[in-house]
Amino acid sequence: MKKSDSPVLAAEKARRDRVFMWTVFVIIINAVSLVTKLWVFQAAAMIGTTYALYKIVVWDNKKNRYSRKYYNWAGHALDKNDSSK
């Protein structure tokens with residue numbers, strides 16, 4: 001893989017940091033569920049993993065029209081100057 005010389009934009013760096021945070025979160029809660037084997041931790045790991053995938057794949061994806069962060073309820077892109085987010 002060739003390393004590019006162009007600097008990473010601040011928004012992309014922030015997105016990568018959020019993805020890394022959710023990855024660490026999923027690893028920790030699944031490790032706890034594997035160690036304890038209690039149904040409460042297994043349920044929390046399942047719900048936490050699903051939520052983390054939602055945040056990464058749907059919410060934080062500019063190309064996904066179901067993202068309420070970037071699109072309204074009708075699937076139209078939000079105005080950048082709109083403060084009702």
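## Overall layout

A contact here means heavy atoms within 4.5 Å. In this predicted model, 18% of the contacts in the chain between residues at least 6 apart in sequence join residues at least 24 apart. The chain contains 2 helices and 0 strands; helix α1 covers residues 10-36 and helix α2 covers residues 39-59.

Of the 85 residues in the chain, 16% are buried. The accessible surface of the chain amounts to about 7400 Å², and carbon and sulfur atoms account for 65% of that area.

## The aromatic cluster

The model holds 3 aromatic pairs. One of them brings together Trp 22 and Tyr 51, whose ring centres are 5.5 Å apart and whose planes stand at 70 degrees, so this pair is edge-to-face. Because Trp 22 belongs to helix α1 and Tyr 51 to helix α2, the pair ties together parts of the chain that are 29 residues apart in sequence. The two partners fall into separate accessibility classes: Trp 22, at 15% relative accessibility, counts as buried, whereas Tyr 51, at 43%, counts as partly exposed.

Tyr 51 also pairs with Tyr 54, with ring centres 6.4 Å apart and planes at 35 degrees, so this second arrangement is classed as tilted. Tyr 51 and Tyr 54 are 3 residues apart in helix α2, which means that about one helical turn separates them. Tyr 54 has a relative accessibility of 29% and therefore counts as partly exposed. Together with Phe 25, the residues Trp 22, Tyr 51 and Tyr 54 form one aromatic cluster.

## The loop between the helices

Lys 37 sits in the loop between α1 and α2. The phi angle of Lys 37 is near 60 degrees, which is a positive value in a residue other than glycine. With a relative accessibility of 57%, Lys 37 lies above the 50% cut-off and so counts as exposed.

## Salt bridges around Asp 60

Side chains of opposite charge can pair when their charged atoms come close. The count for this model comes to 5 salt bridges, and two of the bridges described here involve Asp 60. Asp 60 forms a salt bridge with Arg 18, in which the closest N and O atoms are 2.9 Å apart. This pair links distant parts of the chain, since Asp 60 lies in the segment after α2 and Arg 18 in helix α1, 42 residues apart.

The side chain of Asp 60 also meets that of Lys 69 in a salt bridge, with an N to O distance of 3.0 Å. At 11% relative accessibility Asp 60 falls under the 20% limit and therefore counts as buried, while Arg 18, with a relative accessible area of 32%, is partly exposed, and Lys 69, at 25% relative accessibility, likewise counts as partly exposed.

Arg 15 is partly exposed at 34% relative accessibility, and Glu 12 is partly exposed with a relative accessible area of 27%. Through salt bridges that share partners, Glu 12, Arg 15 and Arg 16 are joined into one network.

Notes. Residues are numbered from 1 along each chain as its sequence is written. This is a predicted model: local features need pLDDT of at least 70, side-chain atom pairs count only at pLDDT 80 or more; totals for chains, interfaces and linings use all residues. Side-chain values use heavy atoms; hydrogens and water are left out. Rings of Phe, Tyr and Trp (its six-membered ring) pair if their centres lie within 6.5 Å; planes under 30 degrees apart count as stacked, over 60 as edge-to-face and the rest as tilted. Helices (H or I, at least four residues) and strands (E, at least two) are DSSP runs, numbered from the N terminus. Buried means under 20% relative accessible area, exposed over 50%, partly exposed in between (1.4 Å probe, protein chains only). Accessible areas come from the Shrake-Rupley method with a 1.4 Å probe; for residues, only the protein chains shown count as cover. A salt bridge is a side-chain nitrogen of Lys or Arg within 4 Å of a carboxyl oxygen of Asp or Glu.
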